[in-house]
Each structure stands twice: as C-alpha cells, then as structure tokens.
Amino acid sequence: MVAGLLLLAFAYLAVGQAAANRNGAQTAADAAALAAAMDTRDELSDEWVESVLDPTKWQAIFDGDGVPYDGCGRAVQLAVQNDATAYCGQAAGLLPGYTVEVETNKAVGDSIVPGTETMHSVETSTAVIEPLCEPPGEGAGDGALPQLSCKDNKNWDLDPDDPTTFPEPEDLFDVHLVDGPANDE
C-alpha cells in the first residue's frame, strides 16, 4: 500500500512538473507576442505622427499598412529572457499582429513517466493591434487638422505646433491577446 501511495505521489509530481513547464511556456509565448505587437504599435504611432499633417494617410496607418512588421526581433529577445526559443510570424487575420510559438529550453525533467526527460513544452500565442480611432472622412486635410475621434468618446484636437496635443500610442491602438487566428475577433 505504501509503495502504491509513493508511486501515486511521484505521478502527481511528474504532472506538476509538466504543468509548471507548460505554464512557463505559455507565459513566455504571451509575453513575446505582446512585445512584438507593442513594438509594431509604436512604429504605427510614429508613422501617424509623421503623417499628422496629411489626414488622408491616417486610414492606411490605422489599418496597419505601410509599416514593416519587424516586431519578431523583440519577441525572440523576450523569449530568450524567459529561457525559451521563439518562432514568430505575422498573424493571419483581419487585424495586424503576431503569432509566436515558444519552446522551452528546459525539458520537463526526470520523472517516473518514461521519455519526459527530453520533452520540451511548446505553446502558441497571438497578439493583435486594434485601432482605437476613426480617421476623418472625405474632405480631410482641407485646411485645419480635423478632430481625431477615438473609442470611449476621446476626441483629440490636434495642434501640429504642439506635439503634446497628440495621443500616445496606447490611445491610438490597443494591443491584446486573442484565441486562435486574429480574424476570430
């Protein structure tokens, strides 16, 4: 009976080791995907600031067009900091973003379950960049800058001579995790 209880205890320990390794991989994947998307969000925001005097370009920027999707470098860097290896690519779907697959560098470890000593946890995460503002419609760019309307009834009266009137990247774009492909939103 004692041998059976010990065997059961070791089995629970093996399951716990595997779950902890898997949770670490999921955390690393989530962090890497968010880091990649936030890096690109900042680039989109910078592009918007550079084009603030031409409101006709705003729609393309809010759609994520014209900005290189090079946030994968940040995803790989963050995965390394979390003792993992990342495989990153642009997310498929309606919203721009990244899908990151992370494999832990540390194996699950020795246990009573044969073969686990060389197994590594692999998890995937997708983060998207969602625009929070609506660019002005037809006639934009004729004279004074139009007001920028954003979610939660935030409206920005823009003064090109005073960059402090410009919204921050997090006011322009929301970065969040999604389940599955980005078009499931």
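This report describes strands, a helix and a group of aromatic rings in a predicted model.

Local features need pLDDT of at least 70, side-chain atom pairs count only at pLDDT 80 or more, and totals for chains, interfaces and linings use all residues. Residues are numbered from 1 along each chain as its sequence is written, and side-chain values use heavy atoms, with hydrogens and water left out.

**Strands**

Helices (H or I, at least four residues) and strands (E, at least two) are DSSP runs, numbered from the N terminus. Two strands pair if DSSP finds at least two bridges between them. Strand β1 (residues 84–90) runs antiparallel to strand β2 (residues 97–104), and 7 bridges join them. Across this pairing, Tyr87 stands opposite Glu101 in β2. The hairpin of β1 and β2 has 6 residues between the strands, and Gly93 takes a positive phi near 150° there.

An open sheet of 3 strands has the order β4-β5-β6, with antiparallel pairing. Because β4 (133–134) and β6 (154–156) each have a single partner strand, they stand at the edges, and one side of each is left without a neighbour in the sheet. Strand β5 (residues 148–150) is joined to β6 by 3 bridges, with Cys150 opposite Lys154 in β6.

**Helix α1**

Buried means under 20% relative accessible area, exposed over 50%, and partly exposed in between (1.4 Å probe, protein chains only). Ser45 is in helix α1 and counts as buried, because its relative accessibility is 3%. Leaving out residues up to four places away in sequence, Ser45 touches Glu168, Pro169, Leu172 and Phe173; a contact means heavy atoms within 4.5 Å. Val49 also belongs to helix α1 (residues 2–50), but at 35% relative accessibility Val49 counts as partly exposed. The C-alpha atoms of Val49 and Pro169 are 9.8 Å apart, although 120 residues separate the two along the chain.

**Aromatic rings**

The structure holds 3 aromatic pairs. Rings of Phe, Tyr and Trp (its six-membered ring) pair if their centres lie within 6.5 Å; planes under 30 degrees apart count as stacked, over 60 as edge-to-face and the rest as tilted. Two of the pairs share Trp48.

| Pair | Centre distance | Plane angle | Class |
|---|---|---|---|
| Trp48 and Trp58 | 5.4 Å | 55° | tilted |
| Trp48 and Phe166 | 5.8 Å | 80° | edge-to-face |

Trp48 lies in helix α1 and Phe166 in the loop between β6 and α4 (169–172), so their pair ties together parts that are 118 residues apart in sequence. Trp58 is in helix α2 (residues 58–62), 10 residues from Trp48. Trp48 and Trp58 are both buried, and Phe166 is buried as well. Trp48, Trp58 and Phe166 form one aromatic cluster.
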